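Here is a short briefing on one protein chain. Look over the sequence and the fold before reading on.

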Amino acid sequence: LPLAKLLRVPKGRRGVFMTVCAFTNTVFIGVPMTEMLFGAEAVRYAYIAFLANCILFWTFGMFWIRRDAQRNAAFFSPGWWKQWITPPMIGLAAGLACILLGWKTPDLPARGMRLLANMVSPLALIYCGMQIGTLKLRALRLDASLAAMCAMRFIVAPALCIGLCLAFAPAGSDPLLLRVLVSQSAMPSMAPNEAISRTTLR
């Protein structure tokens, strides 16, 4: 918020500015990138980052965006819990339940799920390319707030994550976990951010 005020971001855009700076795309972009960079064994750490990121986005992030449209918005909107019922959250909850209960997926469904999982990375990259292809560079205006968001997402956040990991990581922590957390902190903004901003600020 102080950075938004310093850059004179309009009051109706400060919530969106803060959510873009604070929350990353840990599933659609983060999981495929994690798998490509560190292997399948690192994906479980990406989902740990996703869980924390999702909880904070659907509480603080939604509150910040609602305040752009309504200054006296309540922290929890009516039916806020329904926003948590998403395919990634359902899958994560089911996976945690299976791990805690010691259940193992039968071989045939497991192979089918692995085939679907292997499609995520190429499909995500194709989608990113399609989105980049729709951009009109002439219509893109680089102002101070956009430059600050890019700097926060791709420079400041990873540097801050590295500093926190070096300062507070317990002795003997898995180096793979620390690398995944740093890479996740450098991912683009969360996918629902644009859609929620459009519907909330209409």
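This is a predicted model: local features need pLDDT of at least 70, side-chain atom pairs count only at pLDDT 80 or more; totals for chains, interfaces and linings use all residues.

Residues are numbered from 1 along each chain as its sequence is written, and side-chain values use heavy atoms, with hydrogens and water left out. The protein chain has nine helices and zero strands. Helices (H or I, at least four residues) and strands (E, at least two) are DSSP runs, numbered from the N terminus.

**Overall fold**

- Read from the N terminus, the element order is α-α-α-α-α-α-α-α-α.
- Of the 202 residues in the protein chain, 30% are buried. Buried means under 20% relative accessible area, exposed means over 50%, and partly exposed lies in between (1.4 Å probe, protein chains only).
- Take the contacts between residues at least 6 apart in sequence: 78% of them join residues at least 24 apart. A contact means heavy atoms within 4.5 Å.
- The protein chain exposes about 13,100 Å², and carbon and sulfur atoms supply 71% of that area. Accessible areas come from the Shrake-Rupley method with a 1.4 Å probe; for residues, only the protein chains shown count as cover.

**Helix H2 and its partners**

- The axes of helix H2 (residues 14-22) and H4 come within 6 Å and cross at roughly 155°. H2 is therefore roughly antiparallel to H4. On the H2 side, the contact uses Arg14, Gly15, Val16, Met18, Thr19 and Ala22. On the H4 side, it uses Phe57, Gly61, Trp64, Ile65 and Asp68.
- H2 also pairs with helix H7 (residues 144-168): their axes come within 8 Å and cross at roughly 25°. That angle makes H2 and H7 roughly parallel to each other. Phe17, Val20, Cys21 and Ala22 of H2 meet Ser145, Ala148, Met149, Met152 and Arg153 of H7.
- Axes are lines fitted to C-alpha atoms, for helices over the stretch in contact, and angles run from 0 to 180 degrees between N-to-C directions. Angles under 35 degrees count as roughly parallel, over 145 as roughly antiparallel, 65 to 115 as roughly perpendicular and the rest as oblique.

- Thr26 lies in the loop between H2 and H3. Thr26 is buried, with a relative accessible area of 3%.
- Leaving aside neighbours within four places in sequence, Thr26 is in contact with Val31, Ala49, Phe50, Asn53 and Gln184.
- Helix H3 (residues 30-38) has Gly30, Val31, Pro32 and Thr34 as its buried residues.
- Glu35 is found in helix H3. Glu35 is partly exposed, at 27% relative accessible area.
- Glu35 and Asn118 are 83 residues apart in sequence, yet their C-alpha atoms are 9.7 Å apart in space.
- Gly39 follows H3, and its phi is positive, near 95°.

**Helix H7**

- Ile155 lies in helix H7. Ile155 is exposed, with a relative accessible area of 58%.
- The C-alpha atoms of Ile155 and Ala186 are separated by 7.4 Å, while the two residues are 31 apart along the chain.

- The structure holds one salt bridge. A salt bridge is a side-chain nitrogen of Lys or Arg within 4 Å of a carboxyl oxygen of Asp or Glu.
- The side chains of Arg111 and Asp107 meet in a salt bridge at 3.3 Å, N to O.
- Both residues, Arg111 and Asp107, lie in helix H6 (residues 107-133), four residues apart, about one turn of the helix.
- Arg111 is partly exposed, with a relative accessible area of 45%.

**Nonpolar surface patch**

- Leu51, Ile55, Leu96, Ile99, Leu100, Leu101 and Trp103 make a nonpolar surface patch of about 750 Å². Helix H4 (43-69) and helix H5 (87-101) are the elements that give two or more residues to the nonpolar patch.
- Patches are made of residues with over 30% relative accessible area and no salt bridge: like charges are joined within 9 Å, nonpolar side chains (Val, Leu, Ile, Met, Phe, Trp, Tyr) within 5 Å.
- H5 gives the most to the nonpolar patch, with four residues.
- Leu101 has its place in helix H5. Leu101 is exposed, with a relative accessible area of 52%.
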